[in-house]
Amino acid sequence: LGRTQIQATMAVENVSVAFKLYCLTVMTLVAATYTVSLRYTRTISSGDLYFSTTAVCITEVIKLILSLGMLTKETGSLTRLKNTLVEHVFFSPKELLKLSVPSVVYAVQNNMAFLALSNLDAAVYQVTYQLKIPCTALCTVLMLNRSLSRLQWFSVFMLCGGVTLVQWKPAEATKVQIEQSPFVGFVAIAIAVICSGFAGVYFEKVLKSSDTSLWVRNIQMYLSGIVVTLIGVFMNDGEKILEKGFFFGYTPWVCFVVFLASVGGLYTSVVVKYTDNIMKGFSAAAAIVLSTVASVLLFGLQITFSFASGALLVCVSIYLYGLPKQDTSKLSQKDADTESKQRLITV
């Protein structure tokens with residue numbers, strides 16, 4: 001029986017490692033491809049420029065459909081799916097309200113990402129966006145009452161130094177067909193960073209505070225997200241959409257960007273629930289490298305020394321931040337035993 005238990009445990013571990021490697025590969029490819037493709041559709045691609053607010057809204061709809069499909073597979077039957085939706089969605093207004101908070105924040109974040117990539121090069125955006133790590137770290141400490149090691153805090157400051165180098169003398173890009181404003185781009189990315197940190201930690205807190213299915217939580221969040229983004233669509237571009245149409249400017253490349261955003265959103269929720277900082281760190285670092293290479297080939301990006309140094313610091317800091325904290329529980333236990341023995345001797 002013991003041998004069987006060991007084999008079962010090893011099988012679970014193998015599946016776990018394979019699953020993490022799979023998530024790492026998909027996250028890296030999606031993040032790098034999404035960044036470069038989005039910039040292409042906003043700056044290089046010829047033709048009419050589409051409304052970014054509609055793209056964000058459609059992304060939420062697709063994520064809702066995909067989550068419904070995953071929940072159907074998880075429940076195993078349409079009857080169970082119906083009962084689950086009735087219990088957790090239609091008759092749970094408080095839960096919907098609770099998940100509307102990250103929906104609003106994520107909607108703002110996605111729109112800021114479009115604005116940032118319309119004014120910054122893909123590689124500059126990707127590196128600067130890693131400021132979400134110290135923001136997430138701060139939110140984790142404040143909202144989840146977790147502690148960070150000295151090495152992790154050191155990596156946070158190293159990350160800030162790397163991003164400063166990137167901004168000090170941004171890499172110049174050519175072949176763009178619209179006027180760009182780096183100041184607007186950096187302000188937009190700062191807002192996106194704050195939104196990313198808060199929404200990610202908030203969603204993690206909601207996700208791990210109950211046994212509710214991940215896909216149920218996603219459905220609750222995406223329902224709110226659709227409402228929020230629809231409001232944003234008609235507030236920002238309502239008159240233009242009524243004149244030109246909801247899908248004005250859409251091309252196969254734009255549809256591809258929407259698809260990548262949808263898949264990336266789902267994998268973000270999976271990562272929050274099942275994976276760790278090490279995998280996220282490697283994924284982010286690999287995405288930086290891939291998007292930089294793509295920017296050199298597609299957008300004529302000229303890599304300066306300060307940009308390369310900053311990007312290297314960012315990658316190293318991401319890796320250091322993901323390293324596990326030293327386990328001092330055994331040492332603490334040993335010290336406690338020694339102190340107990342001394343007390344006994346004194347008595």
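What follows is a working chat about salt bridges, a pocket and a surface patch in a predicted model.

Biologist: How many salt bridges turn up in the whole structure?

Modeller: Bearing in mind that this is a predicted model, a search of the whole structure finds three salt bridges.

Biologist: Which residue does Glu-60 pair with, and how far apart are the closest N and O atoms?

Modeller: Glu-60 forms a salt bridge with Lys-63, and their closest N and O atoms are 3.0 Å apart. Both residues lie in helix α2, where a spacing of three residues puts them about one turn of the helix apart.

Biologist: Are Glu-60 and Lys-63 buried or exposed?

Modeller: Both Glu-60 and Lys-63 are buried.

Biologist: What else does Glu-95 form a salt bridge with?

Modeller: Glu-95 also forms a salt bridge with Arg-217, where the closest N and O atoms are 2.5 Å apart. That pair links distant parts of the chain, since Glu-95 is in helix α4 and Arg-217 is in helix α9, 122 residues apart. Taken together, Glu-95, Lys-98 and Arg-217 are linked in a network of salt bridges.

Biologist: Is Arg-217 buried or exposed?

Modeller: Arg-217 is buried, because its relative accessible area is 4%, and buried means under 20%.

Biologist: Changing topic, how much space lies in the second largest pocket?

Modeller: About 450 Å³ of space lies in the second largest pocket. Its lining is made up of 23 residues, and those that lie nearest the centre are Ser-52, Thr-53, Asn-111, Asn-236 and Asp-237. Helices α2 (52-75), α4 (93-117) and α9 (214-244) are the elements that give two or more residues to this lining.

Biologist: Which element has the largest share of that lining?

Modeller: The largest share comes from α9, which gives nine residues to the lining of the second largest pocket. By residue type, the lining divides into eleven nonpolar, eight polar and four charged residues.

Biologist: Back to α2 for a moment, what about Leu-66?

Modeller: Leu-66 has its place in helix α2, and with a relative accessible area of 34% it is partly exposed. Leu-66 and Ser-262 are 196 residues apart in sequence, yet 8.6 Å apart in space, C-alpha to C-alpha.

Biologist: Last topic, the surface: which residues form the nonpolar patch?

Modeller: The nonpolar patch on the surface is formed by Val-104, Val-108, Leu-115, Phe-183, Val-184, Val-187 and Ile-191, which together have about 530 Å² of accessible area. The elements that give two or more residues to this patch are α4 and α8 (182-208), and the largest share, four residues, comes from α8.

Biologist: Where is Ile-191 found, and why does it count as partly exposed?

Modeller: Ile-191 is found in helix α8, and it counts as partly exposed because its relative accessibility is 33%.

Methods. Residues numbered from 1 in each chain as written. Predicted model: local features only at pLDDT ≥ 70, side-chain atom pairs only at ≥ 80, totals over all residues. Heavy atoms only, no water. 1 Å grid on protein atoms, 1.4 Å probe; cavity = no way out; pocket = protein on both sides within 12 Å on 5 of 7 lines; lining within 4 Å. Points joined across faces, edges and corners; volume = space filled by probe spheres on them. Nonpolar A, V, L, I, M, F, W, Y, C, P; charged D, E, K, R; others polar. Salt bridge = Lys/Arg side-chain N within 4 Å of Asp/Glu carboxyl O. Buried < 20%, exposed > 50% of the residue type's maximum accessible area, 1.4 Å probe, protein only. Patch = residues over 30% accessible without salt bridge, like charges linked within 9 Å, V, L, I, M, F, W, Y side chains within 5 Å. Areas by Shrake-Rupley, 256 points an atom, 1.4 Å probe, with all protein chains shown as cover.
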